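Work through the exercises below with the model open. Try each task before reading its solution.

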Amino acid sequence: MLRLAPYLVAAILTLPVLAGMLGALIPSFGFLPVLGKTDVGFGPWRALLAWPGLGTSVLLSFLSGLVTAAIALSLALLFLAIFFETRAFTWLRQAIAPLLAVPHAAAAFALAFLIAPSGFLARLMSPWATGWQRPPDLLIVQDEWGLSLMAGLVMKEVPFLLLMALAPLAQIHAGERMRLARSFGYGRVSAWFKTIVPALYPLLRLPVYAVIAYSSANIDVALILGPVSPPPLAVQILRWSNDPDLDFRMIASAGAILQFVVTAGAIAVWILAERCVGLLVRGQLVSGRRVAGDAGFATLGRGLFPVLILASMLGIAALGLNAFARVWRFPDALPGRWTMAHWQSVAETAGGPIAATLWIALLTTLLSVVLVVCVLENERQRGARSGRALEFLIYVPLLVPQIGFIFGLVLLAEMAGAPPGGGLVAAGHVIFVLPYVYLSLAEAYRRQDPAWTKLARTLGQSASGAFWKVRLPMLLTPLLTAFAVGAAISIGQYLVTRLLGAGRVETVTTEAIALAAGGDRRLIGAWALTQAILPVAGFALALAAPRLIWRNRRGMLGGSR
Amino acid sequence: MLFRRGMATLSVILGLFGGSSAGAADKASTEWTQVLEAARGQTVYWNAWGGDPRINAYIDWAGEQAHERFGVSVVHVKLTDTAEAVARVLAEKSAGRSEGGAVDLIWINGENFAAMKRNGLLFGPWLDRLPNHRLTDPANNPELNLDFGVAVDGLEMPWARARLVFYRDTVVLPEPPLNTDALLAWTRENPGRFTYPLPPSFLGTTFLKQVLIERAANSSALYNPVSEADFAAISKPLCDYLDALHPTLWRQARSFPENAGGMRRLMSDGEIDIAFAFSQADASAGIDSGELPATVRNYVFDAGTIGNVSFLAIPFNAGHSNAAMVLANFLLSPEAQMRKQDPAYWGSATVLSLGQLTREQADAFRNLDLGPAALPADQLGTMLAEPHPSWTEALEAEWVRRYGVR
């Protein structure tokens, strides 16, 4: 049975994506029989390429993929360079997962309100510092270059890359490398970039590609922070597929295929850039220079990170203030009148969505954790790592733009006669939850010392006894963390929930986004916080539970990491 | 409350025995009784825009009533865009599912209705089967038989009336511009203080149509398919106007609010001074919730503003068409329409003809307080009809061609 696990996982990760892509490819050549369109040809493609502003849309998606990844990677590496193995780093390990758990849409709303000309920062500074009685007419949020979009994406992707870097850091013995380089007199930042990054980056490559893919094709953040006219390609595809003129569905299909090409192109350019950078810095690496701008980078990093963290906290605080505001006019720094009405409205309507969110998240995550443990256990019993193929397949759902294959998937589910609803939605969530559970569990699982099994066997335990009574309990902390990560991913899913559930399945995320269309920021604030509280609570539980369970087994807390 | 309860009883009676004077009507009432029987125990999946908590609450209320009175459960599928529901029905048709579909009832009008009708995605005709239909006095209200110029043909039920109204804070702007020329003159003096939602959002496109109807040399061409007209010539006044207007708009027209809600938020943040909505109730609701200042008032253009009717339609493959009809009929009852028009709940104007109601009911409608920002019915001016839906598509395409590129 265990042997089948890798194949099952591979099938779950790739078949729906492939089928969905096919479901987009066929209509893009004009074949959609239900509309009486059976003239196969390049009509939709011609219409797509003739669309005004298409070039700008493509460029925006392409650039926001590359720029976001470049900045997020630089920041993550700089952060690690400065804080690796300091107290701040320990703190970060704890804080990072909840940071990741804040849904993209909530974070984007927070940033938008923070930096808008009538936003929180402007209100804090006006009129005493700026002299503004009325908000200035400045295009900051949704700017044409997509800068605010990229800023919003960077805010979310830095924690993701940091999380993805933690396991490889242990794997390459970064601590030893650092101490060795420092003992040779290298500065902290130089030592980091010369001895750790060359070993770390290859292990971080796929997560970086996932960042490029997400940033070049996401919907939720782009809708809130991206330019509106022309918008990034993914948003334009959504508009086409929402157009009442049903012929636009075929253009949307062609657009979805174009989105694959744009995302793949951005990743290809990145790979090319990797090579170039590799060649360029080789000389630097072995030059023997002990210190190269260390002080400057350290100052930059020390200045930048408090600003980033402060901005995130201010953004969330502003969201919170909105959720309790009745009247909050510009330029008041705080709401003029307060109310609980928005929370009342949430309390009245959130019960059903919270229940649905929870059962779907728990079910899909449980299923994913079981599957991943099966794969990893199979790997261990056969004594070999499950090849690069599976490692790559894990990333397929993260690398292929969602907007492209979900529509095809809906068609497929319909053809299979699967009734839309909770079951189908849960099945869809597994495609996206599984990779994250794998990524957050695999390293800890592999690093568990095989000696524990032998020890258990010598003490008279059967093979399964060793697994259930010794190894799994020792993995409690990483298992729970993986569970929290998976649940957070499930809670944040919008498009899948919406489309596979035919709108019948309401989760906190679909509810929050439906109300976002109404534009009332105070209500959006209350819902965004509700949406964020669930995954954050999940992480808090994942952190607290082992401490409670092992309260008189202190060794179990440290050893399993 | 007593009054409301009385109306409830009345509407049940109307619902059960509506129009039972002649033999044919008896047959109709027997048929309706069969519909009611078939509907009992079914669940209606009602696909309706879910962006306004007040509308959502109204739909919840209607669901509770339908459950109590007719044993029909209602699930509100909250859409961000009506086309989502159209897409769902379409996907079902592609997959060959001709019954048991996921969508039972859609709140719809204009382009989406035209598209569904054109593609054979609608159930019916069913409108004449509803006992409450006669309360709309269809013979004397021709606008209920046309949806953006497309014949309704009994395929959808009129549910709500909408009117384009502008609003502004009377303290900031006591004398607002009352036509498109005055608006341009005002934005030139006050750059950055006006905008409109991004077409093809419903309200954004409506603004384009409003300007075009006012400025077109011959607006009658707008009421026939665009293919029969010289689009470039007729739309030229609109394009000239926008060319002049855009540099004076919020963010120099380099960005636009996403929809009506986004525009109201700009108003709330003090970024703009004039906004508009497709309902008298929008500004009042904003005042009530504290989003807008208490001194905000609606106003309309001298030459009138666009108005339309929105409808409820049932897809061809709806799994619960009987229950959908029962719910629809209840929504057309004086009680449900009254609550809908009451700004305390929603504030959306009724489609009923007051002449068809009892005097008590009609007076209740007449005496209803429409909310702080609302104009009294006699000051609402001329209602301009929606152009043919083909103009919507043509205008949106032209807008994107001219202004959607940088």
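This is a predicted model: local features need pLDDT of at least 70, side-chain atom pairs count only at pLDDT 80 or more; totals for chains, interfaces and linings use all residues.

Residues are numbered from 1 along each chain as its sequence is written, while chains are lettered from A and ligands numbered from 1 in the order in which they are written.

**Exercise 1.** Compare the radius of gyration of chain B with the globule rule.

Step 1: Take the radius over C-alpha atoms; the rule is 2.2 Å times the number of residues to the power 0.38.
Step 2: For 406 residues, a compact globule would have a radius near 22 Å.
Step 3: Chain B has 22 Å, which agrees.

**Exercise 2.** Locate the domains of chain B and describe their contact.

Step 1: The bounds come from an automatic or database domain assignment. Domain 1 covers 22–161 + 308–371, and domain 2 covers 165–307 + 384–403.
Step 2: Their centres, taken over C-alpha atoms, are 29 Å apart.
Step 3: Count contacts (C-beta atoms, placed from the backbone, within 7 Å). Domain 1 of chain B supplies 17 residues and domain 2 of chain B supplies 16 residues.

**Exercise 3.** Which helix of chain B gives the most to the side that touches chain A?

Step 1: In this interface, 54 residues of chain B contact 46 residues of chain A.
Step 2: Helices are DSSP runs (H or I, at least four residues), numbered from the N terminus.
Step 3: H4(B) gives the most, with 10 residues.

Definitions and conventions:
Two residues are in contact if their C-beta atoms, placed from the backbone, lie within 7 Å. Helices (H or I, at least four residues) and strands (E, at least two) are DSSP runs, numbered from the N terminus.
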